[in-house]
Amino acid sequence: MADLINPSNVGFDAVIDKKKSIIYGVILGIISFILGLIVLFVVKDLNSFWGVMSMSFIVNTAVFVIIAALFAFALRKANGGYWNFSIALKSIFMMLAISTIISTIGTQLYVNFVNPTLQEKVVTHTINVTIEYMEKNNVPDEVIDSKIAELEKQVDSIGKITLGQIFKGLAITLMFQFVFALLLSALTKREKLAIRQDAI
């Protein structure tokens, strides 16, 4: 008897577990929302320019990526430990899309209705820290003025964000999440090869 791999059958019979993707998406969305609030509350009191600039990346990006990757592997495990790229992409993107919608809506509701002064405090503090950093490093006045003007536009736009802008931002974020889902799908793809017993 000889064992041969049947190339026409990868032995994959998993299907998309929508319920699990939704559950993980909701959990990830809540985590992402909380991480975003942590960044806002911490940044408004940070006096380090690089601390202010890196806080969002470290918490909102790095921590989110790690948790999302862990959830992707958990989704694969829930599917029996095996899935192909297509199933992985659909499952992971569903999770990421749900999390993005929840965190975006949650954040907008919080900064516009629950704590409307928080975002303004963060932007104003960022302006002050940026100016102080630039002056210490002898940055030309025209560069400082340009940066201040850019940040002041953010202050002026606070509370004036329309539904159209929110949906536009959400669409752009979902595009990035799709790319992230592609990467996670390639990382977590794990197919079970079917073995065919052929008598010689």
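Buried means under 20% relative accessible area, exposed means over 50%, and partly exposed is in between, using a 1.4 Å probe and protein chains only. With that in hand, let's start at a histidine. What you have open is a predicted model, where local features need pLDDT of at least 70, side-chain atom pairs count only at pLDDT 80 or more, and totals for chains, interfaces and linings use all residues. Residues are numbered from 1 along each chain as its sequence is written, and side-chain values use heavy atoms, with hydrogens and water left out.

**Stop 1: His 125**

Select His 125, which is found in helix α4; helices here are DSSP runs (H or I, at least four residues; strands are E, at least two), numbered from the N terminus. Is His 125 buried or exposed? It counts as buried, because its relative accessibility is 14%. Now show what is around His 125: setting aside neighbours within four places in sequence, it is in contact (heavy atoms within 4.5 Å) with Val 43, Lys 44, Asp 45, Leu 46 and Asn 47.

**Stop 2: rings around Phe 49**

Rings of Phe, Tyr and Trp (its six-membered ring) pair if their centres lie within 6.5 Å; planes under 30 degrees apart are stacked, over 60 edge-to-face, and the rest tilted. The count by this rule is eight aromatic pairs. Phe 49 and Trp 50 make an edge-to-face pair, because their ring centres are 5.2 Å apart and their planes sit at 75 degrees. Phe 49 is buried at 15% relative accessibility, whereas Trp 50 is exposed at 55%.

Phe 49 also stacks with Tyr 133, at 4.1 Å centre to centre and 10 degrees between the planes. Phe 49 belongs to helix α2 and Tyr 133 to helix α4 (residues 118–136), so this pair ties together parts 84 residues apart in sequence. Tyr 133 is partly exposed, at 26%.

For another ring group, select Phe 33, Phe 41 and Tyr 110, which ring pairs link into a cluster.

**Stop 3: the nonpolar cores**

A nonpolar core is a set of buried Ala, Val, Leu, Ile, Met, Phe, Trp, Tyr and Cys residues joined through side-chain atoms within 4.5 Å. The largest one has 19 residues, and those touching the most other members are Leu 28, Ala 68, Ile 92, Met 95, Leu 96 and Leu 184. Colour α1 (18–43), α2 (49–78), α3 (85–114) and α6 (163–188): these are the elements that give two or more residues to this core. Its largest share, seven residues, comes from α2. A second, separate core has 15 residues, including Phe 33, Val 52, Met 55 and Leu 118.

**Stop 4: along α6**

Zoom in on Leu 184. Beyond four places in sequence, Leu 184 is in contact with Ala 68, Ala 69, Ala 72 and Ile 92. The buried residues of α6 are Leu 170, Gln 177, Phe 180, Ala 181, Leu 184, Ser 185 and Thr 188, and they pack against α2 and α3.

**Stop 5: a charge over a ring**

Finish at Arg 190. Its charged end sits over the ring of Tyr 82, 4.9 Å from the ring centre (the rule asks for NZ of Lys or CZ of Arg within 6 Å of the ring centre and within 35 degrees of the ring normal).
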